[in-house]
Structure formats: C-alpha cells, structure tokens
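Colleague: I would like to learn how to read a model like this one. Could you walk me through it?

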Amino acid sequence: MAEADEQVDRGGCGDCGTTQKPKRRLPEWMKDLVLDKDHTKKKRKQGGPQKGQTPLVPNLPVLKFTGSVVYCYQTSDCSFMCEDIMSNSTSERSCVLGFDIEWPVTYTAGKEEKTALLQLCPSHNKCYLFHLSCMAGFPGGLKKLLETESIKKVGVGIQGDVWKLLRDFDVQMKGCVDLSNLANQNTGSAEIWSLDNLCKHVLKQRLDKDPGVRKSDWRQYPLTATQQQYAAADAYAGLLLYNKLTQTTGSKDTKNDVST
C-alpha cells in the first residue's frame, strides 16, 4: 500500500474555522441518498448480478491506489492546485476526475455533519485530498473547478454529493456523471449500485470497506495514512470505472450528466 507521500504542510491546521450559512433543504427523494452515503439502506434492491450477468466472485483482490496522494488542508494551497488542474485541461483532451466526499457518521436523527473531505483523482499517478474541515472557507479555486461543466466529475451516486455540497457550501456542481447510470446503460438494468459492488462487477476488484475507517472522524487533523489511502482508493475507483464503462459504451456519457 502506498503511503501518502505528498503533503502541503505549513505548520498545522492553520485555516481551521467555520462559517455559518443557511442550510438548504433537500428534495424528499434525495434524503435517503445523501444520509446513507455508502448505499447500505436503499428503497430499491442493491445493485448486483442480474439475469445474464456474471455472479460476483468472492475473495477478489483489493483495489489500491499506488500513486501520489496529495493531502492539502490550506485554503490557498487548495485553490492553487485546482487552478493547476484546470490549466492542464484542454479542449482537445477532456479532463475527467474521479470524485468522492467524506463526512463523519452521526447517529442523531435529523442531524448530518458537513462535508469534511473532498477527493479528486485525475490520473493513475495522483490523487488530491482536500481537507475542507480544516479550511476557514470553501476555496474559490475548488468552487470554480467544481462548477466548470467541461471538467467531468465522475462517481457512484454522485447526485447525492451534488446536493450535499450545494447545501453545505452553496456550490453548484456541473459536469457530473453518475457511474450507476453508465453501468445500467451497459446492462439494461435499473439498479442503484454501491461503489464496491460496481468495482466487483466491472473491475473484478473490491474496495477495502473497513467500518473502523469508513465511520471514522473525517474532521480530525491530520488524517491518518489509512484514512488517506481509503479516501484515495474511492476516488481512484471512480476514475477506473468511468474509463472502463465508456470504453464499453463508446464514450457516450452525455445522457448521464446529473448536475443541477
């Protein structure tokens, strides 16, 4: 397992702070999707092998991200890195980012913590972890990147993340592609896939979903190496799935944009 080998360190979590903003109300149909990030409680049957599909194989290898993990917790550094990502995106070569977010689990009915971590994976070689809970405000460069429609953000159940960021930070994400839709386009099904199940079905690999890490406090500074690898693997899995699924569908993903 690769260690988090790039960190932007300027003397601790100097930007830690909170800004109170009015909370947005989610549509009723979105509440379960956002509150249940890991898709463990769904109104519809969990995505899995359907008729004509290959059954999931037990004991699959664990999907690991072996590139460079860039852990950032300073507002200015985050904006600078996002500007760099955008500058590397050209019209000739579409920019696709594996996307995910994390926040602490709460067991109080009707209460949900704000997004603590946002992950972007642009390639096999690098994954950015932006520790939002350590930043005084939402980075302007990150907001610009997320609201740029030409830069695709891909993930499983990403529409829930779209609504959560809108409510938490008033960020209106664009260019978002739900990998569940791409998978269903391939299989002709109408399932709500979990990220782990989709990895098993498409990539023949599984994610390490250790409950101790998944339910950990994502606000704490600094994140442990285990937390960083868990978060990077989730975003990386989204990128791998997008590449695999668009190869199968001939890159026809325009109908799967779920942005607001």
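Modeller: Gladly. Let us begin with burial: a residue is called buried under 20% relative accessible area, exposed over 50%, and partly exposed in between (1.4 Å probe, protein chains only). This is a predicted model, in which local features need pLDDT of at least 70, side-chain atom pairs count only at pLDDT 80 or more, and totals for chains, interfaces and linings use all residues. Residues are numbered from 1 along each chain as its sequence is written, and side-chain values use heavy atoms, with hydrogens and water left out.

Colleague: What percentage of the residues in the chain is buried?

Modeller: Of the 260 residues, 53% are buried.

Colleague: How many helices and strands are there in the chain?

Modeller: Helices (H or I, at least four residues) and strands (E, at least two) are DSSP runs, numbered from the N terminus. Here the chain has 8 helices and 7 strands.

Colleague: How should I read a strand such as β2? Which of its residues are buried on each side?

Modeller: The general idea is that in a regular strand the side chains alternate between the two faces of the sheet. In β2, Ser-68, Val-70 and Cys-72 are buried on one side, and Val-69 and Tyr-71 are buried on the other.

Colleague: Which strand pairs with β2 in the parallel sense?

Modeller: Two strands pair if DSSP finds at least two bridges between them. β2 pairs with β5 (residues 126-131) over 5 bridges, in the parallel sense.

Colleague: Now the backbone. What should I expect of phi and of peptide bonds?

Modeller: Most residues other than glycine have a negative phi, and most peptide bonds are trans.

Colleague: Where is Lys-204 found, and is it buried or partly exposed?

Modeller: Lys-204 is in the loop between α6 (195-203) and α7. Its phi is positive, near 60°, and it is not a glycine. Lys-204 is partly exposed, its relative accessible area being 38%.

Colleague: And what is phi for Asp-170?

Modeller: Asp-170 also is not a glycine, and its phi is positive, about 60°. Look for Asp-170 in the loop between α4 (158-169) and β7 (176-178). With a relative accessible area of 34%, Asp-170 is partly exposed.

Colleague: Which residues does a cis peptide bond join?

Modeller: Tyr-221 and Pro-222, with omega about -5°. You will find Pro-222 in the loop between α7 (211-214) and α8 (225-249).
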